[in-house]
Amino acid sequence: MSPISILNVSSSRFILTGFPGLEVHYLWISIPFSSIYAMVFLGNCMVLHVIWTEPSLHQPMFYFLAMLALTDLCMGLSTMYTVLGVLWGIIREISLDSCIAQSYFIHGLSFMESSVLLAMAFDRYIAICNPLRYSSILTNDKIMKIGVTILCRSSLLIPPVIIRLKFLNYCHPHILSHSFCLHQDLIRMACSDIRFNSIYGLALVISNLLLDAVLILISYIMILHAVLAIASREERIKSLQTCVSHICAVSVFYIPIIGLTMVHRFGKHLSPLVHVLMGNIYILFPPLMNPIIYSIKTQQIRRRVQRLFYLKRM
């Protein structure tokens with residue numbers, strides 16, 4: 001019996017999509033996914049623990065890194081139940097209310113990560129272009145205000161478009177494209193007027209993700225201009241090396257978003273498996289890679305992590 005006949009279109013429950021055509025291999029597929037979620041949890045918790053317990057890391061750069069790790073941790077937790085639940089055969093469907101709540105957290109955390117990356121770019125700009133005033137500009141009070149602004153920006157702008165999902169009429173087959181809920185997936189199944197969701201959603205993307213990306217790019221243009229003005233080649237390299245981790249974090253965040261957008265917009269003829277893979281990369285790649293990037297590329301974090309493991313072996 002097909003999923004469409006199992007779930008009537010007037011129902012308020014939606015079918016989660018795992019990996020189409022690979023259902024018999026779900027148990028094997030669940031092993032790498034379980035490992036990835038474990039690494040996301042342990043990696044980001046380790047970064048938070050190191051920053052929390054090491055007084056020398058109580059600096060603006062690492063406060064922002066802690067915000068990034070906390071955001072990545074929450075992103076992993078927001079999808080773990082449905083993704084692993086589908087692979088383990090625990091769940092097959094999700095209610096409309098749960099789907100709306102999950103989409104709120106996924107999109108809100110994406111906007112939050114974008115905002116944190118922008119704040120980290122501002123931190124690098126001040127550190128390189130105005131180093132003498134770094135500590136006076138980025139005080140603990142300023143960092144707290146930036147953190148509150150990021151939280152408000154990412155959590156208070158989304159509810160209008162998310163709440164409206166509750167009042168749409170879903171007359172198309174209730175089959176999601178992924179094993180988690182996205183706003184664009186839900187409005188695709190609606191037969192009500194979705195102009196508000198489409199326009200407001202586009203405005204959110206432009207005013208958050210796109211604007212943040214443009215501001216990050218501008219900050220690096222200004223950083224590059226300042227670095228090229230440094231006479232010493234060694235000092236230029238040293239200054240740029242402090243930005244490598246952040247540039248990698250920006251890349252692992254924005255490249256999957258661009259890829260998923262292109263697949264949703266132009267890849268309607270592609271296999272559903274491609275959509276599922278891109279969706280999972282978008283959700284899991286940044287939370288998985290960021291702790292690895294900062295543990296390898298940031299000397300202070302690397303040393304504390306090595307010392308942490310050394311103490312555990314003793």
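Colleague: Is D72 buried or exposed?

Modeller: In this predicted model, D72 counts as buried, because its relative accessibility is 0% and buried means under 20%.

Colleague: Which helix holds D72?

Modeller: D72 is found in helix α3, which covers residues 60–87.

Colleague: And what is D72 in contact with, leaving aside its neighbours within four places in sequence?

Modeller: D72 is in contact with V40, N44, E113, P286, P287 and N290.

Colleague: How far apart are D72 and D123 in space?

Modeller: Their C-alpha atoms are 19 Å apart, and the two residues are 51 apart in sequence.

Colleague: D123 makes me think of M61. What is M61 in contact with, beyond four places in sequence?

Modeller: M61 is in contact with D123, R124, Y134 and T298. M61 has its place in helix α3.

Colleague: Is M61 buried or exposed?

Modeller: M61 is buried, because its relative accessible area is 19% and the cut-off for buried is under 20%.

Colleague: How far apart are M61 and S239?

Modeller: M61 and S239 are 178 residues apart in sequence, and 14 Å separates their C-alpha atoms.

Colleague: What separates V86 from F19?

Modeller: The C-alpha atoms of V86 and F19 are separated by 9.4 Å, while the residues are 67 apart along the chain.

Colleague: Now the helix packing. At what angle do α2 and α3 cross?

Modeller: The axes of α2, residues 26–53, and α3 cross at roughly 160 degrees and come within 9 Å. That angle is over 145 degrees, so α2 is roughly antiparallel to α3.

Colleague: Is that crossing left-handed or right-handed?

Modeller: α2 passes α3 in a left-handed crossing. By class, the contact of α2 with α3 has 22 nonpolar, 5 polar and 1 charged residues.

Colleague: What about α4 and α9: how do their axes cross?

Modeller: Helix α4, residues 96–129, and helix α9, residues 195–228, have axes that come within 9 Å and cross at roughly 15 degrees. An angle under 35 degrees counts as roughly parallel, so α4 and α9 are roughly parallel to each other. Their crossing is left-handed.

Colleague: Which residues make the contact?

Modeller: On the α4 side, S110, F111, S114, S115, L117, L118, A121, R124, Y125, I128 and C129 take part. From α9 come L204, N208, L209, D212, L215, I216, S219, Y220, M222, I223, A226 and V227. The residues of this contact divide into 16 nonpolar, 5 polar and 2 charged.

Colleague: Another one on α4: is Y104 buried, partly exposed or exposed?

Modeller: Y104, in helix α4, counts as partly exposed, at 24% relative accessibility.

Colleague: And what are its contacts, leaving aside neighbours within four places in sequence?

Modeller: Y104 is in contact with S155, I158, P159 and I162. Y104 and V161 are 57 residues apart in sequence and 9.3 Å apart in space, C-alpha to C-alpha.

Colleague: Changing topic, how do α11 and α12 pack?

Modeller: Helix α11, residues 244–266, and helix α12, residues 272–297, pack at an angle of about 180 degrees, and their axes are 9 Å apart. The two helices are therefore roughly antiparallel to each other. The contact of α11 with α12 has 18 nonpolar, 7 polar and 1 charged residues.

Colleague: Finally, the largest nonpolar core: which residues touch the most other members?

Modeller: L65, Y170, L176 and L186 do, out of the 84 residues in that core.

Colleague: Which helix gives the most to this core?

Modeller: Helix α4 does, with 14 residues.

Terms used
Residues are numbered from 1 along each chain as its sequence is written. This is a predicted model: local features need pLDDT of at least 70, side-chain atom pairs count only at pLDDT 80 or more; totals for chains, interfaces and linings use all residues. Side-chain values use heavy atoms; hydrogens and water are left out. Axes are lines fitted to C-alpha atoms, for helices over the stretch in contact, and angles run from 0 to 180 degrees between N-to-C directions. Helices (H or I, at least four residues) and strands (E, at least two) are DSSP runs, numbered from the N terminus. Angles under 35 degrees count as roughly parallel, over 145 as roughly antiparallel, 65 to 115 as roughly perpendicular and the rest as oblique. A crossing is left-handed if the near helix is turned anticlockwise from the far one by less than a right angle, and right-handed if clockwise. Contact means heavy atoms within 4.5 Å. Ala, Val, Leu, Ile, Met, Phe, Trp, Tyr, Cys and Pro count as nonpolar, Asp, Glu, Lys and Arg as charged, and the others, Gly among them, as polar. A nonpolar core is a set of buried Ala, Val, Leu, Ile, Met, Phe, Trp, Tyr and Cys residues joined through side-chain atoms within 4.5 Å. Buried means under 20% relative accessible area, exposed over 50%, partly exposed in between (1.4 Å probe, protein chains only).
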